[in-house]
Amino acid sequence: MAVNIRNLPDQELFYGHKACPGCGGAIVARLALKVLGERTCVVLPASCISSVTTIYPQMSFFVNSLTSSFPASAAVLSGMAAACKAQGLEDVTVMGLAGDGGTIDIGLQALSGAVERGDNFLYICYDNEAYMNTGIQRSGLTPYGAWTTTTPTNNNAVGETKFKKNLFEIMMAHRIPYCATASVAYPNDLLNKIAKAKEIKGPKVLHVQAPCPTGWGHGSEKTVEIGKLAVQTGLWYLAEYENGKVTLNYKPKEFKPVKEYFTKQRRFCHLTEEDFRVIEEHRDNEWKILENFLRKDE
Amino acid sequence: MTVNKARLIQGNQACAEGAIAAGVTFFAGYPITPSTEIAEIMSEELPKIGGKFIQMEDEIGSMACILGASLTGKKVLTASSGPGISLKQEAIGYASMAEIPCVIVNVQRLGPSTGGPTSTAQGDIMQARWGTHGDHPIIALCPATVKECFDLTVKAVNFAEKFRTPVYVLLDEIIGHMREKVILPNKEDIEIVDRKRPSTKPGDYKPYRTDESLIPEMADYGTGYKWHVTGLHHDETGFPTTKPALVEKLMNRLMSKLDKYKEEILLWQEESTDDAEVLIVAYGSTARSALDAVEKLREAGIKVGLFRPITIWPFPEEALARLAANVKGVIVPEMNYGQLYLEVERICKDKCKTSGLFKANSEPITPDEIIAKVREVL
């Protein structure tokens, strides 16, 4: 059955956290547990989400939770999933919830291994596009042009000079049963992807864009607006990969100018028209690659 | 000559500036509290002088990256803390074995494991000595002031270059994040040491051939000298060997090369030790509390002195033994459960009683706690 906001349970399994107002990561945690329910074990690496949810006695996860070492989340998930299987615990969802650095940088080796083994877990990367917990340092998912404390913008520097790694394609290359991209600004899409992932056996990976008012430099009431703009400008897409097929879940009729997205965030305030051109070119190329995947599946 | 202005800066910043003053032009690192400021400063400052800052994908990568850069002739630095230093251990051993100059700043936080990222500690003393597997040479320097963070980082870079060894600068979180007034030296007053480059032509170069200096000449990768670097035991050609005699020759040289230079490497401070009846052995931020305790006890007429090892590894054993022979007791306050205490106790055991004052709960050891301990021992 399709999930929507109306038929979600009232039960809250994630509340009372100390995240910044408007935190995209906290939205991901709350919505995921709405769908997954009480029989869930959560593994978190060092991250914002573990720091703001595990302050005794205000524990925000009302399910079992574990803060692992930074590189190890997916390896811990593997052990839990294999042990659950060995004990016949079939109704338990083993879920990882990790930030972008904990997933795409230091956590990538463990994630690749866990996915390759085919262990039965759901891994959600909430992507706020930098190491926010240690005070805004760039990660492999920081977008081109973003200011962070390790990609300074003094002397006309552009900030981050690399484009985001594509976790979706990295996971597709593992021929994983299910992986998808999503955004906190599109909760119905996100909820349905989590619900679908819950029913599939084997490794599932969701890459969810999660705006961060503190690190991105926008008002805490703008999280959804910024998240929507990322999708409407084509800088982020909502897609899924299942049974070897790629599906696009939302296609903007035409892209909004990227400038609309960038000028609303302090981390991009130094960017020039030339930078916008470079970014649009990269965006168009990414869409070409995506459309190739879509065509192959027709 | 220009006189530099007094500035109010953090220990971490002094470390970064010391590294640059010593000629470091390459930094690879990864964000981790409480050392992140060093990476942040390097990301801003190194490009200005044509240097290179790389934020790596993890701690293992950061350590391995600076080894690659060092082999091309760069002076290199990384900085980390707690779990990050644990992850770096294999590559630190590699640097010891392959004799690759590099400096690792460890801003110690409370462990074990994730422990307390923003809490101070001195729990990595034994890790600095024995963190990587196998017998290996290592140098560790331990500043107690912001100015010393600058000076000892310069020294660490020089030691790494001269002795071809990894060198730790062991801060604790208090020293790393504390701000103090400092007047940093002028560039021309800073001694800079470069690694010994080959005196032979490329064809005659044997990368691990040594004379009585015990330190082999090091050719930069990419300059026509072709040589192989390995973490395996190797002979003077650099290629692996399993012959016991050659393995032993290598290990004996590695384990004795720092001994030969200990007069230069061993640094310590003595305060009011001449007539002391009780000796406090303290380092890092704890030495500041100890110094305060010494002053207060002296005012009260109690004869107490401070021995502060600045070089923690190798440990200034003879200097301590000399002082221990003339006191009733030695007290070792440290923010761990007694790591350097073991070393001090070993050195002093035939001379006087050694007592520990240990605290590892994220709070610093106070002068009053040290004073109470001294009164207890007397």
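Visitor: How do you know how many helices and strands there are in chain B?
Guide: Chain B has 13 helices and 15 strands. These elements are DSSP runs numbered from the N terminus: a helix is a run of H or I of at least four residues, and a strand is a run of E of at least two. This is a predicted model, in which local features need pLDDT of at least 70 and side-chain atom pairs count only at pLDDT 80 or more, while totals for chains, interfaces and linings use all residues. Residues are numbered from 1 along each chain as its sequence is written, chains are lettered from A and ligands numbered from 1 in the order in which they are written, and side-chain values use heavy atoms, with hydrogens and water left out.

Visitor: What makes chain B as compact as a globular protein of its length?
Guide: The globule rule is 2.2 Å times the number of residues to the power 0.38, and the radius of gyration is taken over C-alpha atoms. For 378 residues the rule gives 21 Å, and chain B has a radius of gyration of 21 Å, so chain B is as compact as a globular protein of that length. The C-alpha trace of chain B spans about 70 × 50 × 45 Å along its principal axes.

Visitor: How do you know whether chain A agrees with a compact globule?
Guide: A compact globule of 298 residues would have a radius of gyration near 19 Å; chain A has 18 Å, and therefore agrees. The C-alpha trace of chain A spans about 60 × 50 × 40 Å along its principal axes, and the secondary structure of chain A comes to eleven helices and ten strands.

Visitor: Why is B:E343 called buried rather than exposed?
Guide: Buried means under 20% relative accessible area, exposed means over 50%, and partly exposed lies in between, with a 1.4 Å probe and protein chains only. B:E343 has a relative accessible area of 13%, and is therefore buried. B:E343 is placed in helix α12 (residues 340-348) of chain B. Leaving aside residues up to four places away in sequence, B:E343 touches B:W313 and B:F315, where contact means heavy atoms within 4.5 Å.

Visitor: Why is B:K262 called partly exposed?
Guide: The relative accessibility of B:K262 is 33%, so B:K262 counts as partly exposed. B:K262 is found in helix α9 (residues 262-265) of chain B. From B:K262 to B:F315 there are 53 residues in sequence and 9.4 Å in space, C-alpha to C-alpha.

Visitor: What makes up the buried part of helix α5 (residues 108-117) of chain A?
Guide: The buried residues of this helix are A:L108, A:A110, A:L111, A:G113, A:A114 and A:V115. An α-helix has 3.6 residues a turn, so residues three or four places apart point the same way. The buried residues of α5(A) pack against α3 (73-86), α4 (100-105), β6 (122-127), α6 (167-172) and β8 (204-209) of chain A. Just after α5(A), A:G118 takes a positive phi of about 80°.

Visitor: How do you know what share of each chain is buried?
Guide: In chain B, 59% of the 378 residues count as buried. In chain A, 55% of the 298 residues do.
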